[in-house]
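Biologist: I've got a new model open and I'd like to learn how to read it. Could you walk me through it?

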Amino acid sequence: MTKRIYAIGERPPLGHVPEQMHAWLVRPERFGEPLQAFQQEVIDVPSIADDEVLVYVMAAGVNYNNVWAGLGHPINVIGIRNKLGEPETFHVGGSDASGIVYKVGKNVTNVKVGDEVVVHCGTWASDCPSVKRGDDPMYSPTFKIWGYETNYGSFAQFTRVQDHQCLPKPKHLTWQAAASYMLVGATAYRMLMGWQENQLREGDAVLIWGGAGGLGSIAIQIVRTLGGRPVVVVSDKEKFDHCLSLGAVGCINRNDFSHWGQLPDLNDAKAYGEWLKGAKSFGKAFSDALGEKRSADIVFEHPGESTIPTSIFVCKTGGMVTICAGTTGYNANVDLRYLWMRQKRFQGSHFANDEQCAALNDLVIEGRVDPCLSQTFTYEELPLAHQLMYENRHPAGNMAILVGATERERAHSDGAEVAAET
Ligand SMILES: NC(=O)c1ccc[n+]([C@@H]2O[C@H](COP(=O)([O-])OP(=O)(O)OC[C@H]3O[C@@H](n4cnc5c(N)ncnc54)[C@H](OP(=O)(O)O)[C@@H]3O)[C@@H](O)[C@H]2O)c1
């Protein structure tokens with residue numbers, strides 16, 4: 001341990017951990033929009049437990065969850081941790097990272113100092129009875145998203161992670177590309193592959209909302225590389241090319257329709273008739289985009305309130321609507337007749353377990369899924385990246401922030417040419 005504080009981009013000798021580090025902090029007294037919520041401070045480097053790893057962060061990914069953390073809404077992540085006995089009155093966010101292992105706890109065997117890793121954001125207590133029993137740890141009451149529900153995420157020079165969160169960094173990717181895909185990628189993988197019976201199969205027709213977004217860009221590629229046929233929905237014709245280049249077989253512009261939002265009163269024949277007309281014409285647009293008269297085997301959902309009625313409607317008999325968010329609202333309603341008579345599955349899905357993260361990472365390592373990094377920000381620009389996301393002014397695909405990686409490494413990583421930034 002040394003008292004010296006290393007500058008951003010200045011890498012301490014391998015395995016050498018300073019006492020203090022630079023970090024972007026959220027504190028309750030400045031909860032609000034990202035430009036206000038995030039401020040730079042110098043704090044102690046956290047200590048690690050026997051099954052934990054200290055990673056020197058080269059780059060961090062940008063996700064919605066830390067927009068929420070900064071707002072202090074819908075939950076105050078700091079207040080919740082304080083109630084559970086954690087003393088820190090601040091939040092270091094960041095749920096995606098690429099970096100180098102600098103220190104390992106004495107029980108860690110899967111990585112060693114010097115390993116180049118990407119970090120997935122699923123954490124749980126290894127002594128939880130359900131985890132010990134072999135249940136999916138995603139169902140453990142101890143499950144938490146690292147860098148959102150837990151402290152010491154990747155918006156700092158060092159991050160504290162559980163050993164199983166570390167996966168090999170794809171060698172062909174820059175640090176920033178490697179930091180940008182895991183949270184959305186593994187989430188998309190579980191949504192498509194995690195729900196037996198309705199797991200994606202070759203030839204399946206899949207409707208993907210927000211095809212040019214972070215989740216959607218990766219979902220298109222997973223569906224395509226595993227043999228499915230993705231049809232995407234976006235809000236602008238200009239996004240079609242992005243989605244088609246990733247493997248979408250067709251695109252729908254949601255602004256060509258107006259039946260969005262909650263279902264009308266089903267007893268109001270006129271209002272319901274109008275809604276039904278909109279939903280049927282959307283169903284036709286799906287078939288036209290697919291090139292076959294057919295309903296969706298899987299609907300990949302995250303807008304929520306404004307799209308759920310349509311998603312349930314266009315899902316085939318015995319098909320699945322799989323959902324991981326309610327970006328437009330949580331108060332969705334469903335015409336239950338379609339759910340039970342047509343035996344459709346409405347499946348909630350949240351992040352992913354170790355096996356699903358590893359499977360997604362392998363697809364990236366094999367070059368079958370590209371992270372779709374659209375923009376890289378400097379360390380100083382971290383609040384700006386989140387502000388753009390908050391205002392929905394961020395570019396298509398995924399964003400990353402340089403932490404330990406320098407401007408030179410922005411151009412080259414592991415000697416490989418830069419992955420193209422669109
Ligand atoms: N539970 C989990 O584990 C998990 C993991 C990752 C993300 N999420 C959540 O999933 C959501 C999407 O994340 P992301 O990273 O993909 O965000 P993103 O990059 O901003 O993409 C979201 C997309 O949603 C579409 N959209 C916006 N308003 C819409 C509306 N009214 N109707 C239909 N589509 C609309 C937008 O596309 P168009 O405007 O082109 O339609 C946008 O591209 C967020 O709420 C995030 O918090 C959850």
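Modeller: Let's begin with a helix: its expected span is 1.5 Å times one less than its number of residues. Helices (H or I, at least four residues) and strands (E, at least two) are DSSP runs, numbered from the N terminus. Keep in mind that this is a predicted model, where local features need pLDDT of at least 70, side-chain atom pairs count only at pLDDT 80 or more, and totals for chains, interfaces and linings use all residues. Residues are numbered from 1 along each chain as its sequence is written.

Biologist: What span should the 12 residues of H6 have?

Modeller: At 1.5 Å a residue, H6 should span 16 Å, and its end C-alpha atoms are 16 Å apart, which agrees.

Biologist: Is H6 largely enclosed or open, and how do I tell?

Modeller: Count neighbours. A residue is buried if 20 or more other C-beta atoms, placed from the backbone, lie within 10 Å of its own, exposed if 12 or fewer, and partly exposed in between. In H6, 11 of the 12 residues are buried, so the rest of the structure largely encloses this helix. Among them are Met182, Tyr189 and Arg190.

Biologist: Now strands. How do I read their two faces?

Modeller: In a regular strand the side chains alternate between the two faces of the sheet. Take E8: Phe158, Arg160 and Gln162 lie on one side, Thr159 and Val161 on the other, and all are buried. Five of the five residues of E8 (residues 158–162) are buried, so this strand is largely enclosed by the rest of the structure.

Biologist: Which strand is joined to E8, and by how many bridges?

Modeller: Two strands pair if DSSP finds at least two bridges between them. Strand E3 (residues 52–61) runs antiparallel to E8, with five bridges joining them. Val55 stands opposite Thr159 in E8.

Biologist: What else does E3 pair with?

Modeller: E4, also antiparallel, through seven bridges. There, Val57 has Gly99 in E4 as its bridge partner. E4 in turn pairs with strand E5 (residues 116–119) in the antiparallel sense over four bridges, and Ala97 has Val119 in E5 as its bridge partner.
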